[in-house]
Structure formats: C-alpha cells, structure tokens
Amino acid sequence: MKEVAKILLKQKAVTLSPDDPYTWASGIKSPIYCDNRLILSYPEDRDLVEDSLVKLIEENFENVEYIMGTATAGIPHAAIIADKMNLPMGFVRSSNKDHGKGNKIEGAKIEGARVVVIEDLFSTGGSSIEAAKALVDESYEVLGIVSIFTYNMNSAKENFEKAGFNHYSLSNFDELIEVAHELDYIKEDQIEKLKKFRDNPQDSSWMD
C-alpha cells in the first residue's frame, strides 16, 4: 500500500541512506533502516496501519481465532489488532524465559486455535518462522504471518516457501523506494544502489 509507505517515510519508521549506510547487528552495511515502533507514537497514522493489517488478515485468514505477536516489536501491533478484532492475544519470545515457568509462548493456551502471527518487519524471515514453528510445536494451527513491511529479500521468499508458511505484508521495499523517489527522499541514481542491496545484502559492492 502506497499510503502505508508514505506513513513509514513521513514518520521515519523507515529511513533511506544509500550514501551513508547503516550497520545492522549482523555487521551488514545497509542503505535502509526500519523501526516500525515509531508508528505507535502517531495515533492517526497508527490507526490507518492497524486497520490495514486487520483488513489484510480478514481478506486472507477469515477463520483466525488467535493473534500472536513476535517479541518485541510485534507485540504492541498484535495487541491493537486483537482488540480491533475482538480476539485473544499472546506473544512468542525469541527464547524461553530464564526464570518463572520458562515460557516461550505467553497467553492463554488454546490447543488447536487458528493463529495469525504479527511481525513488524520481514528481512530474512528467520525470526518470524521460528515463532510460527514454536506455535506449531505447541499444537496451534498457524494460518500465516503478516508484517507491516518487508525488504523483499530473495532469502525471505525462499525461507517462507521452505517452511511452508503463508506470509503477507502491507508495504514492501520496491513500493517504498518508488514512493521515496516520487516524494524526493532519494534521487534517481540512488535507486539502483538500493535495488542492488535488496538482491544481495551480503555483497557490499552496492556501495561502489
């Protein structure tokens, strides 16, 4: 959705810097950085994004019974969506708690419940797939995974296909750079750099 892409850029939830790249935790130099938690600070834009996620879920997973967020960035979005859809909500940790009951999945246990997982961002898809697999291991039926934004990386497409999970995003890398160019956030000669990064983030030659 172009409207979502505009919000991501306006609120700096996604920023583009092809000439002065960011460094991800993995060490990869990236021309793009995403922090969708910023959307939560702007009520009007937040409502549009969350309502759009609800619509996306209703269109693709009409039998959903449970909303699960991924820790930590997916949790607030999952809570808002569950409230709008009048559904139970829980979340999946990246690892088991090291105290208390040692839970990895938080929320009421409803075996066999049809779940949609909420993620803020797809990069390689690894963390989303891990969360979905954890739910399957606990006897939930995972209908699919939805996110606000995806980098459109080939590795994510391959990983989701291999894992067998349906996935959808409101906005994506290609749409966002198109909107960014229209709004003069980036110049024509920077688009090729961004696309080259998208195709192979491990290859730093996109910076040349």
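In the predicted model, Gly125 is placed in the loop that runs between strand S8 and helix H4. With a relative accessible area of 3%, Gly125 is buried, because this value falls under the 20% limit. When neighbours within four places in sequence are left aside, the contacts of Gly125 are with Ala156 and Phe160.

Ser123 is likewise found in the loop between S8, which spans 114–122, and H4, which spans 126–137. Its relative accessibility of 25% places Ser123 in the partly exposed class, since buried residues are under 20% and exposed residues over 50%.

According to the unreviewed UniProt entry, the annotation "binding site" covers Arg93, Lys97, His99, Glu119, Asp120, Leu121, Phe122, Ser123, Thr124, Gly125, Gly126 and Ser127. Of these annotated residues, Arg93, Glu119, Asp120, Leu121, Phe122, Ser123, Thr124, Gly125, Gly126 and Ser127 are included in the lining of the largest pocket.

Residues up to four places away in sequence not being counted, Lys193 touches Pro18, Asp19, Trp206, Met207 and Asp208.

Key. Residues numbered from 1 in each chain as written. Predicted model: local features only at pLDDT ≥ 70, side-chain atom pairs only at ≥ 80, totals over all residues. Heavy atoms only, no water. UniProt positions renumbered as here; feature names shortened; annotations may be inferred. 1 Å grid on protein atoms, 1.4 Å probe; cavity = no way out; pocket = protein on both sides within 12 Å on 5 of 7 lines; lining within 4 Å. Helix = DSSP H or I, 4+ residues; strand = E, 2+ residues; numbered from the N terminus. Buried < 20%, exposed > 50% of the residue type's maximum accessible area, 1.4 Å probe, protein only. Contact = heavy atoms within 4.5 Å.
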